[in-house]
Amino acid sequence: MYNGIINIYKEAGFTSHDVVARLRGILKQKKIGHTGTLDPDAVGVLPVCLGSGTKLCDMLTDKSKEYVAELRLGVTTDTQDMSGRILTQNEVDVSKEQVEEAIYSFCGDYEQIPPMYSALKVNGKKLYELAREGKEVTRKARMVQIEELEILQMDLPLVRMRVCCSKGTYIRTLCADIGEKLGCGGAMQSLKRTRVGSFRMEDALTLAQIEKLRDENAVEKAIMSVDEVFVNLQKAIVLAGYVKFIENGNCFFKKAVKRNSEQAERFEPGEQVRVYDEQGKFYGIYRYEEEKSMFYPVKMFLSE
């Protein structure tokens, strides 16, 4: 079984679920999960977790993301993108300066109402399922953060922009909100996700490329090990006599940490560390509690 993360370039026409299904067939393993849905028409970075790496899925969805989106002003649709049913069409009688002002006004925190065509659930049912039934329900606004906004090109009614944002941000909705603020309406024409956390588009591989690597018995070249995600955390090496504790996911005393480790005497209260045995096998993430001089498991990543 493969364990780790593959940075997939999702192509247009595939759902995120399609990518996982295809990879299960290519890699001949069931334990695979993606880290955040991309619309079928959208392309770009989709980190996919394999084996013990599937425990990372919820942690990677928390990472900030970067997109390049194209906004079409003067039109609104039921899906907030150009794949949907057109609701209104208006003349775009605004200046470039007005468009710039409207777009940049969304920098920082703003309350965003999730779209009806989304996978969010209300009373156990996904919103897009209700939308397809012709139903619309009240959605609570959620606070999201637009960390960076950059206009890359403006040729009205089209605007291409780069967006860095927090998890849970809908770029379709951002486009619609910009159009509403300008009074002419707006919808997303195209979307490319260029980054998820440290995973970047220039390093992403298509499904066809993964299949080729499989045929060459070189899939491992494309897999990032689980512990690489935590390179910013200090390493704690557990002595052989105490490995039984980490093998069972139990806590262990500070004295179990190898003394010639540079960090052995410099753990901060509440600090999280990567835990290994003396052979370099990665076990998981632990938190140090100074009061009891012990490390407690946060998340284990034992390979199967």
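Biologist: Is Lys258 buried, partly exposed or exposed?

Modeller: This is a predicted model, so the value is computed from predicted coordinates. Buried means under 20% relative accessible area, and exposed means over 50%. Lys258 has 23% relative accessibility, so Lys258 counts as partly exposed.

Biologist: Which residue forms a salt bridge with Lys258?

Modeller: Look for a side-chain nitrogen of Lys or Arg within 4 Å of a carboxyl oxygen of Asp or Glu. Lys258 pairs with Glu278, and their closest N and O atoms are 3.7 Å apart. This pair links distant parts of the chain, 20 residues apart. Lys258 sits in the loop between strand 16 (252–253) and strand 17 (272–277). Glu278 sits in the loop between strand 17 and strand 18 (282–289). Glu278 is partly exposed too, at 35% relative accessibility.

Biologist: How many salt bridges does the structure hold?

Modeller: It holds eleven. One of them joins Asp78 to Arg85, with 3.8 Å between the closest N and O atoms. Asp78 is partly exposed at 23% relative accessibility. Arg85 is exposed, at 54%.

Biologist: Which residues are linked in a network of salt bridges?

Modeller: Glu66, Glu148, Glu150 and Arg162 are linked in this way.

Biologist: Now a helix. Which residues of helix 6 are buried?

Modeller: Start with the general idea. An α-helix has 3.6 residues a turn, so residues three or four places apart point the same way. Now the case here. Helix 6 covers residues 207–215, and Leu207, Ile210 and Leu213 are buried in it. These three cover an arc of only 120° around the axis, so they lie on the same side of helix 6.

Biologist: Which residues are exposed on the other side of helix 6?

Modeller: Ala208 and Asp215 are exposed there. Asp215 has a relative accessible area of 54%. Its side chain meets that of Arg214 in a salt bridge, 2.9 Å from N to O. Arg214 is partly exposed, at 25% relative accessibility.

Biologist: What do the buried residues of helix 6 pack against?

Modeller: They pack against strand 1 (4–10) and helix 1 (16–27).

Biologist: How do the axes of helix 1 and helix 6 cross?

Modeller: Two packed helices are described by the angle between their axes and the distance between the axes. Here the axes of helix 1 and helix 6 come within 10 Å and cross at roughly 10°. Therefore helix 1 is roughly parallel to helix 6.

Biologist: Which residues of helix 1 and helix 6 meet?

Modeller: From helix 1, take Val19, Arg22, Leu23, Gly25, Ile26 and Leu27. From helix 6, take Leu207, Ile210, Glu211 and Arg214. By class, this contact has six nonpolar, one polar and three charged residues.

Biologist: What follows helix 6?

Modeller: Asn217 follows helix 6, and its phi is positive, near 55°.

Biologist: One last residue. Where does Glu289 lie?

Modeller: Glu289 lies in strand 18. Its relative accessible area is 28%, so Glu289 is partly exposed.

Biologist: Which residues is Glu289 in contact with, leaving aside its neighbours within four places in sequence?

Modeller: Glu289 is in contact with Met294 and Tyr296. Another pair to look at is Glu289 and Glu268, which are 21 residues apart along the chain. Their C-alpha atoms are separated by 8.2 Å.

Technical notes
Residues are numbered from 1 along each chain as its sequence is written. This is a predicted model: local features need pLDDT of at least 70, side-chain atom pairs count only at pLDDT 80 or more; totals for chains, interfaces and linings use all residues. Side-chain values use heavy atoms; hydrogens and water are left out. Buried means under 20% relative accessible area, exposed over 50%, partly exposed in between (1.4 Å probe, protein chains only). Helices (H or I, at least four residues) and strands (E, at least two) are DSSP runs, numbered from the N terminus. The arc is that of the directions from the helix axis to the C-beta atoms. Contact means heavy atoms within 4.5 Å. Axes are lines fitted to C-alpha atoms, for helices over the stretch in contact, and angles run from 0 to 180 degrees between N-to-C directions. Angles under 35 degrees count as roughly parallel, over 145 as roughly antiparallel, 65 to 115 as roughly perpendicular and the rest as oblique. Ala, Val, Leu, Ile, Met, Phe, Trp, Tyr, Cys and Pro count as nonpolar, Asp, Glu, Lys and Arg as charged, and the others, Gly among them, as polar.
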